[in-house]
Amino acid sequence: MAWLRKPRTRVSKVWIAFGLVLGVGWFYFLSVQHNFFNLYGSMPTIDKIQNPKVDRASELYTADGVLMGRYYKENRNPVGFNEISPNVINALIATEDVRFYQHAGIDFRGILSAAWDALRGNARGASTISQQLAKNLHKTRNKDSAGVLYRIPGLSTLVIKTKEWLAAIDIEQVYTKEEILTSYLNTVDFGSNAFGINTAAKTFFNTSPDSLAVQEAAVLVGLLKAPTYYSPVLNPGNALRRRNVVLSLMAEEGHLTSAQYDSLSKLPVQLEYRPEPSQDGPDDYYRTAMNSYLNKWCQENDYDLYADGLKIYATIDSRFQEKAKTAVMEQMREMQRSFDRHWRGKNPWVDEKDTEIPGFIEMVAKRTSLYKRLQEHYKNSPDSVDIVMNTPRKMKIFTYAGMKEAEMSPLDSIRHHKRFLHTGMMSMDPYTGYIKAWVGGVDYDAFKYDHVRQGKRQAGSAFKPFVYLAALENGYSPCDRIKDYRVTINYEENGEAKSWTPRNANWVYSGQDMTLRHALGRSVNTVAAQLTEKVGPANVVKYAKRLGISSPLKPVPSVGLGSNDVSVFEMVGAFGTFANEGVWTEPIFIMRVEDSKGNIVHQFTPKHKRVISPESAWLMLYLMRGTIEEPGGTAQNLWSYDVFKNGNEFAAKTGTTSNYSDGWFMAVTKDLVTGVWVGGDDRSIHFRTSSLGEGSKTALPIYGRYIEKVLSDPQLGIKPGPFPKPSFKITKTYQCPTPRDAARDSIPTVNDLKIDTEQLYDDLNDALNF
């Protein structure tokens, strides 16, 4: 009977070995599932499998709830199973997982087949759709999911596969087969920034996923193996071959007949390629400025703007913004026609003697990125650069009728676009700091440069309020008088003795003793220059800085006449201080940020700082009202607009720089503070006459149109009315209106005017051309 005991021993050893293998296997899978000693890395829990975290687009809304656009890494819009063509489902299963409906997450037959093929030198994958979903949805191969064993070659692959097997089994227990297919197709990467079948169908074929033809479905499923290598855009030959492989697999599984396969495989890959950027919604000056701020804020606060599904509420109001854009386009279109008539037959880039600047366009061209690229390409052949720059080609050019196709050389394109005037406009609530409207130019697609914050130009007389503020804060009152006469101011700059003789805009000195209110209302340069000398240029700079002007300011005698470059953004913030009883309020872009569940994660509040006394702030409003109320006030063109109902009041200031290079208009009401700048792309491009080039003729009309539209819309809540009366005692004398007769005496007659008769003729001729 001994021969019977030997087999029994061998059988028992086999069973023991089998049991040990099972035990070790069970322990291994258990240790992976629970990440013993952090050897394997974390596994997705059942809760995470039931509620997977998918990258979600963040949405940007205006203050009045209008969706401006979205930010995303993975541009996806999920769809339901019934919204996906059966062609896609058939192609996917035939290509990726032929036994999808027979297994419970792991295809053991597929694994053995893949192992056999690998031994024969034909390595291929054996992951099921459920495993791929686990990998895509739960990022099982990310560093965040890695454990200690990931550092060991070979073992890391085994651990990763084990985790995907376990996750796939869990997925199969939680979801139906249809739900797995739908989730997979909604999350997979098709390349070209197209995530999910819905976006892929639109990106590559401009259709919906339920309308995809068989050959189109085969292209998309073929992409899943390697989205770049099989891209029909980047590698059309590879895409065609891969599509036909998918079609042949569909034929093998009975989804296509031989005839259908033969017919479809001969078709070319026909695309309607429409890729989408990493954000949608219209690009404009405001959004570009805000994007930079948002990205910085998200980095500092550990949020992902492109994946966390944030809801961002901007301060911009779509209704104010639309009215601002409309006002800009209406006025700039008219102004451009006037400018073109003004320069008919001549180029508008001239020096101070009204002589065309030679080689101006060529100098501008050398600053362009195209010219620099050509220089790099043709290092040893500068003539080739000139040939390319002068060779006509098809391109799009800006016109006020819209972007148009044209055939012209790059140099001619620069000549065309340099003739356009530009503008920047911003409107803000002075109490909250909320920016209501932001228009950085006439057309963002054609001119990317933002003239609200990025652009800085001399403010001219729009800077004078800082002189008068410094005077008020140092003992002066609106009724104090200074004589308007020719004055020469001697000063020292960088150790060099200099002198400066300011002139009035009309070249005339009335000799009249003017109240400060009348002088500011009429924007008399000699008075502002004398006042600057009395309070000191450094004091003018000090108060401008207090009110939020951050640009460099030279403390020279001409500082009060706006000789330094500043932005519309800075000026609007500064002027808001006058409306807010001397408290400077920081202009802000964003009101609040919410998470994907609607919880407020951050409420933005502007910085507030008292910088001047309430009395000085109120008196500044009273002084600037003089530009409209005083005889000869420079802002009286505002009476051309229907904006004075219900005793509506404006505190305003015009600004014009030398040669009419820049026109400014700053305006404060009881509810809004707004700034407008108008000028050429270069300072040498401008009107040549006061009747056309002053700020009251260029910038003021934009504001007039804008505020007229705002006041006529009751839904905006901006009602016309006077400024609030001060709630504090005004200690300084301020009620000293200028008599009309005295004002007339201060206005020169024709015989007094010292002007160029040819210039006068040009003024009259331009006026007739209107």
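Reader: Which residues does Asn 564 touch, not counting residues up to four places away in sequence?

Author: This is a predicted model, and the contacts are read from its atoms. Asn 564 touches Arg 457, Gln 458 and Ala 459, together with Pro 552, Leu 553, Lys 554 and Val 559.

Reader: Where is Asn 564 found, and is Asn 564 buried or exposed?

Author: Asn 564 is found in the loop between α21 and β14 (565-566). Buried means under 20% relative accessible area. Asn 564 has a relative accessible area of 10%, so Asn 564 is buried.

Reader: How many residues separate Asn 564 and Ser 551 in sequence, and what is their distance in space?

Author: Asn 564 and Ser 551 are 13 residues apart in sequence, and their C-alpha atoms are 8.3 Å apart in space.

Reader: What do the totals for the protein chain look like?

Author: The protein chain has 770 residues, and 51% of them are buried. There are 28 helices and 21 strands. The accessible surface is about 37000 Å², with 52% of it belonging to carbon and sulfur atoms. For contacts between residues at least 6 apart in sequence, 71% join residues at least 24 apart.

Reader: How should I read the packing of two helices?

Author: Two packed helices are described by the angle between their axes and the distance between the axes. In this structure, α3 (residues 86-96) and α7 (residues 177-187) pack at an angle of about 90°, and their axes are 12 Å apart. Angles of 65 to 115 degrees count as roughly perpendicular, and α3 and α7 are therefore roughly perpendicular to each other.

Reader: Which residues make the contact between α3 and α7?

Author: From α3 come Val 88, Ile 89, Leu 92 and Ile 93, and from α7 come Leu 181, Tyr 184 and Leu 185.

Reader: How many of the residues of α7 are buried?

Author: The count is 8 of the 11 residues, so α7 is largely enclosed by the rest of the structure. Among the buried residues of α7 are Leu 181, Tyr 184 and Leu 185, and these three also take part in the contact with α3. Others on the buried list include Lys 177, Ile 180 and Asn 186.

Reader: How many residues of α18 are buried?

Author: For α18 (residues 464-472) the count is 9 of the 9 residues, so α18 is largely enclosed by the rest of the structure. Lys 464, Pro 465 and Phe 466 are among the buried residues.

Reader: What do the buried residues of α18 pack against?

Author: They pack against the helices α19 (516-522), α20 (525-535), α21 (537-546), α22 (568-579) and α23 (614-629), and against the strand β19 (651-656).

Reader: How do I read a salt bridge?

Author: Look for a side-chain nitrogen of Lys or Arg within 4 Å of a carboxyl oxygen of Asp or Glu. The structure holds 26 salt bridges. One of them joins Asp 64 and Arg 319, with the closest N and O atoms 3.7 Å apart. Asp 64 is in the loop between β1 (58-61) and β2 (67-71) and Arg 319 is in helix α13 (residues 318-342), so the pair links distant parts of the chain, 255 residues apart. Asp 64 counts as partly exposed at 27% relative accessibility, and Arg 319 is partly exposed with a relative accessible area of 30%.

Reader: Which residue meets Lys 418 in a salt bridge?

Author: The partner is Asp 682, at 2.5 Å from N to O. Lys 418 lies in helix α17 and Asp 682 in the loop between β21 (673-680) and α24 (690-693), so the pair ties together parts that are 264 residues apart in sequence. Both Lys 418 and Asp 682 are buried. Helix α17 (residues 410-418) also holds His 417, which is buried with a relative accessible area of 16%. His 417 touches Ile 397, Phe 398 and Phe 447, leaving aside residues up to four places away in sequence.

Reader: Which residues does the salt-bridge network that includes Arg 517 join?

Author: Start with the pair Arg 517 and Glu 630, whose closest N and O atoms are 3.0 Å apart. Arg 517 lies in helix α19 and Glu 630 in the loop between α23 and β19, so the pair ties together parts that are 113 residues apart in sequence. Arg 517 and Glu 630 are both buried. Salt bridges that share partners join Arg 517, Arg 625, Glu 629, Glu 630 and Glu 649 into one network.

Methods. Residues are numbered from 1 along each chain as its sequence is written. This is a predicted model: local features need pLDDT of at least 70, side-chain atom pairs count only at pLDDT 80 or more; totals for chains, interfaces and linings use all residues. Side-chain values use heavy atoms; hydrogens and water are left out. Axes are lines fitted to C-alpha atoms, for helices over the stretch in contact, and angles run from 0 to 180 degrees between N-to-C directions. Helices (H or I, at least four residues) and strands (E, at least two) are DSSP runs, numbered from the N terminus. Angles under 35 degrees count as roughly parallel, over 145 as roughly antiparallel, 65 to 115 as roughly perpendicular and the rest as oblique. Contact means heavy atoms within 4.5 Å. Buried means under 20% relative accessible area, exposed over 50%, partly exposed in between (1.4 Å probe, protein chains only). Accessible areas come from the Shrake-Rupley method with a 1.4 Å probe; for residues, only the protein chains shown count as cover.
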